[in-house]
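Hi everyone, thanks for coming.

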Amino acid sequence: MEIKTNVMRALDKHKINYKHYTYADTDAVSGMEVATVLGQNPEQVFKTLVTTGKSGNHYVFMLPVEKELDLKKAAHAVGEKHVEMLKSKELLPFTGYIHGGCSPIGMKKFFKTTINSSAKDFPTIIFSAGKIGYQVETSLEELAKVVKFQLADITTENS
């Protein structure tokens, strides 16, 4: 029987075109390992990170798994002086997701979401389906039907 995550059910409900992948039967943990197991370009596979701003507001950032979030660029993108990563133990109570299975779709409440501008270079992006071992792939146009987001350069420069 095929497993559907809450993210997949939300996409189905909104008639969003998407593909799904599973890697549940592997040892892949990091985003790079997931991209490798799925045979996908790591620039097209996105991780979902949650931060807290100086104001106390929370923000979601999506960026390629091979990149790191630039906290200064991220803060600037959302109009904050400073943002920091949400502590791992706070992730589940705030979002409903655990570390490694966080998706921008279906969080307990909506948080301002910023996707790295490199996403527009691809016809689709791949990201967590809300459960470790599951990913979904859809276009930014389709994603915009379920998640309000902005695009911005939020990654550190390659050294």
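Let me start with a question: which side chain meets Lys-73 in a salt bridge? It is Asp-153, at 3.1 Å from N to O. Asp-153 sits in the segment after β8 (149–152) and Lys-73 in helix α3, so this pair ties together parts that are 80 residues apart in sequence.

Before going on, some housekeeping. This is a predicted model, so local features need pLDDT of at least 70 and side-chain atom pairs count only at pLDDT 80 or more, while totals for chains, interfaces and linings use all residues. Residues are numbered from 1 along each chain as its sequence is written, and side-chain values use heavy atoms, with hydrogens and water left out. Helices (H or I, at least four residues) and strands (E, at least two) are DSSP runs, numbered from the N terminus.

Back to the charges. Side chains of opposite charge can pair when their charged atoms come close. The rule here asks for a side-chain nitrogen of Lys or Arg within 4 Å of a carboxyl oxygen of Asp or Glu, and by that rule the count comes to five salt bridges. One of them joins Lys-47 and Glu-68, at 4.0 Å from N to O. Lys-47 belongs to strand β2 (residues 46–53), and Glu-68 to the loop between β3 (58–64) and α3 (71–78), so parts 21 residues apart in sequence are tied together. Another links Lys-145 and Glu-142, at 2.7 Å from N to O.

How accessible are these residues? I call a residue buried under 20% relative accessible area, exposed over 50%, and partly exposed in between (1.4 Å probe, protein chains only). Asp-153 is partly exposed at 40%, and Lys-47 is partly exposed too, at 21%. In the Lys-145 and Glu-142 pair, Lys-145 counts as exposed at 51%, whereas Glu-142 counts as buried at 11%.

Now please turn to the sheet. Which order do the strands take in the open sheet of three? The order is β1-β7-β6, with antiparallel pairing; two strands pair if DSSP finds at least two bridges between them. β1 (19–22) and β6 (125–128) are the edge strands, each with a single partner, so one side of each has no neighbour in the sheet. Neighbouring strands here are turned by 25° against each other on average, direction ignored; the axes are lines fitted to C-alpha atoms, and angles run from 0 to 180 degrees between N-to-C directions. β6 and β7 (residues 134–138) share four bridges, and Ile-125 stands opposite Thr-138 in β7.

Next, helix α1 (residues 6–13). Its buried residues are Val-7, Met-8, Ala-10 and Leu-11. β1 and β7 are among what covers them, contact being heavy atoms within 4.5 Å. The face turned away carries the exposed residues Asn-6 and Lys-13. After α1 comes Lys-15, with a positive phi near 55°.

Last stop: Ser-118, in the loop between β5 (112–116) and β6. Is Ser-118 buried or exposed? Ser-118 is buried, at 18% relative accessible area, and it touches Phe-46 and Pro-64, not counting residues up to four places away in sequence.
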